[in-house]
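Welcome, and thanks for taking a look at this one. Please open the sequence and the model side by side before reading on.

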Amino acid sequence: MTHDAVSSRHPLPEEYLSQLNPSQQEAVIHNGSPLLILAGAGSGKTRVITTKIAYLISCKGVDPHSILAVTFTKKAALEMAERARFLEPAASRTQIKTFHSFGAWFLRLYAAEAGIDRNFTVYDDEDSMTLLRKAVPSLTKPEAAEFAHKIALAKDYCLAPDSPDLGTVSTHESFSCIYQAYQDRLRSTGNVDFGDLIMLPVQLLQNNPAVKQHMHRCFSVIMVDEYQDANTAQFLLLQQMAGPDTYICVVGDDDQSIYRFRGAEVQNILNFPRQFPGTTLIKLEQNYRSTPQILKPANEVISRNANRFDKELKAVRHDGEIPVLTFLHSQYDETSFCAEIIAQAHEKGVPYHDWAILYRTNIQSLGFETEFLHRKIPYTIVGSLKFYDREEIKDVTAYLALLANHRDEIAFERVINKPARGIGDKSRLKIIAAVRAGASPEQPPDLLQASPELPGLALPAKAASGLKEFNSLMKELAAYLEQGQQKQIPLPVEQLASEAAGRQSAPLPRTEQLSYLIQQIIEKTGLAEYHNAHDEIAGTQRFENMQELANSASLYPLSTGGLLDFLDHIELDRTLEQNESSDTDAVTLITVHNTKGLEFPRVILTGMEDGIFPRQGKNDEEIEEERRLFYVGITRAKDMLLMTSCRTRNRFGKTDEMMPSPFLLEINPGTVKLLGEIPLVFKRNPGNNQTGTEHPLASVWKKGRKIYHDDYGYGWISSTQTLSGEFTITVQFENGLEKRFLPEYQKNLLTPADEL
DNA sequence: GACAGTGAAATTTTT
DNA sequence: TTTCACTGTC
């Protein structure tokens, strides 16, 4: 249910303004100079942005169409739109988009100027890698993965293949050539990758004054949420979009910057006042979400970071329960501990949806799924369900992508022989070569025109008949699309109006839904039988998954426009729409990254072990980012926080001994309650009032302890020392060598079983 | 060109 | 432990 249903109760501006604290009000009312709002976790950031949108429209007379609000996730965009609409109905005409969907919209508007196909689709990482291997066949798979990642990173920094700064991304001598080859191949498909969605608009705005002017006229207000996670390309996009009269307002929290690996630059938010002269800075430090007991460890932990704006969250709420930390023997104990706590609380009336299980890596969700299924505890996994990455789903979407853009080589390769039509590797390459040979700048390659009659194409009889079959199949499918009228790509104003109108219109007749086309694809291509057969052998549910994909397209019209919207939706919002109706009472399983912007009454932060969280092999700067991630995790909790740490964890079928996460040592004793058996490393020296206590590792690696090292054999610890904060041990080996080791090398040191 | 058998790699985090 | 890519045979 949306808030529109109660539109008669939209609050008046003086009502919603009076609910804000002074800093929040100041942020809402501020106008003119650029504005940076530093909004701590739980400080009512979304409320400020949505109120600001409403205020600009109803009190400042700003045209809602000329307000652009940008977020990072679709979920955040939807929430923002809904809340703004609740405060001010006219806000439904505001452009609230993710960075990437804005880029996609922009590029469709200026496809010709950007040199891409107007019907482009977006290649995901897997497609990009496939394309790279086409462009540079000599690359092995891991090499291709590495370079594809570097290319994506280069685009995050808005660096072209010939950029002099490319060395900051990769110093490999051929990187520039490889990047260029990839780029050429990508342009020949007419499609774009994720990075292009930001980088191409930046380049177009930089080089085309007419486009830039048009954008400046279009938007008088630009707001960016979660600015701490903007990368360089996104910063440049904002800079280009900002005209002399544009009001710029960014909101973020440097302590919650957690996407460095994706090119996010904390410097963007730290440098904002310099990049936009005259900036007003407003800090929101009042935390309305969590109890003081939860904020205490959060503040303790984050204060260890050096590179940050100085600030501290202040609790508004009354006292609650002290957070709990528990050490468990194995990951199995961890899952059953969580299940048990949740089940017990449920018996006392705590709903399942009060709970969220947080973990560092997706793989950790597996154990919880197994346990919860077994115990019949309902759960939902947020994000990364990887629904759209499934083989059968990618098969169907490849057919769709090819129908949208006839130049899509990657989609063509995927489906030409799936299900099998007797067209093997050699024939496939021949067909593509023939199509490319027949293309010219005026006549771009059209893979739907691929037929055995193409000049210079000599195929074995089997492949030729297969291609003929494929050719007529695609013609038949394309005909369905033809029936739907070509939807024009409208200007922002028209599009928003039509979108708003579209939402309220009656459901489409079945044969006018995009679902109908997908249904036809599943049946007529033979994917139905193909995957049905697999289902019977492997007990999977690929056929149902394809049906689900078809169903999810029922709101899209059967037209090229509808198809493009649908494919954008798939590529730009990978989180499957889950029925968030309040009648589904379920525990949330979620990665810490995915919790950004979310809150839960009860949070369990799991896998608090060294090597897992923080992940191993992190340098100092990366440790700071991991620490911010830990901070994000803690600050999601409203009423109750639990942390679990396991002594052993199974990886690759082996059982590894784990150490507690060093982050746990950064929380002062007394800030958390320890539950159950406490490992040696966590015991402070009893009766010894030396405040610093010994290094936590010292109780495990004691003098005299016998050890075994992979390279040096048996030995014993002759002394231990803490050198500039690093705990080290000196080992006397039986072969006479004496070696000193840093903690990170201690994983090579195995203690013989009899010692344990 | 399709399939079965073998060996190595796999786990960040996401738009 | 599981999964995926590669190799060799039919």
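This is a predicted model: local features need pLDDT of at least 70, side-chain atom pairs count only at pLDDT 80 or more; totals for chains, interfaces and linings use all residues.

**Around DNA strand B**
- Of the 25 residues around DNA strand B, the ones that come nearest are R262, R360, N362, G424 and N594.
- By residue class, the surface near DNA strand B holds 10 polar, eight nonpolar and seven charged residues.
- Helix α19 (residues 425–437) supplies the largest share of that surface, with three residues.

- For N362, a backbone N or O atom sits 2.6 Å from a phosphate oxygen of DNA strand B.
- S427 uses its side chain instead: a polar atom there is 3.3 Å from a phosphate oxygen of DNA strand B.
- At F72, a polar backbone atom lies 3.4 Å from a sugar or linking oxygen of DNA strand B.

**Around DNA strand C**
- An N or O atom in the K141 side chain is 2.9 Å from a phosphate oxygen of DNA strand C.

**Inside the protein**
- The largest nonpolar core counts 73 residues, and F106, L132 and M215 have the most contacts inside it.
- Setting aside neighbours within four places in sequence, F106 is in contact with P201, L204, L205, V211 and M215.
- There is also a second, separate core of 54 residues, with V396, I416, L448 and A464 among them.

Technical notes
Residues are numbered from 1 along each chain as its sequence is written. Chains are lettered from A and ligands numbered from 1 in the order in which they are written. Side-chain values use heavy atoms; hydrogens and water are left out. A residue is near a molecule or strand if one of its heavy atoms lies within 4 Å of it. A polar contact is a pair of N or O atoms within 3.5 Å; within protein, one must be able to donate a hydrogen and the other to accept it, and residues adjacent in sequence count only if both atoms are side-chain atoms. Helices (H or I, at least four residues) and strands (E, at least two) are DSSP runs, numbered from the N terminus. Ala, Val, Leu, Ile, Met, Phe, Trp, Tyr, Cys and Pro count as nonpolar, Asp, Glu, Lys and Arg as charged, and the others, Gly among them, as polar. A nonpolar core is a set of buried Ala, Val, Leu, Ile, Met, Phe, Trp, Tyr and Cys residues joined through side-chain atoms within 4.5 Å. Buried means under 20% relative accessible area, exposed over 50%, partly exposed in between (1.4 Å probe, protein chains only). Contact means heavy atoms within 4.5 Å.
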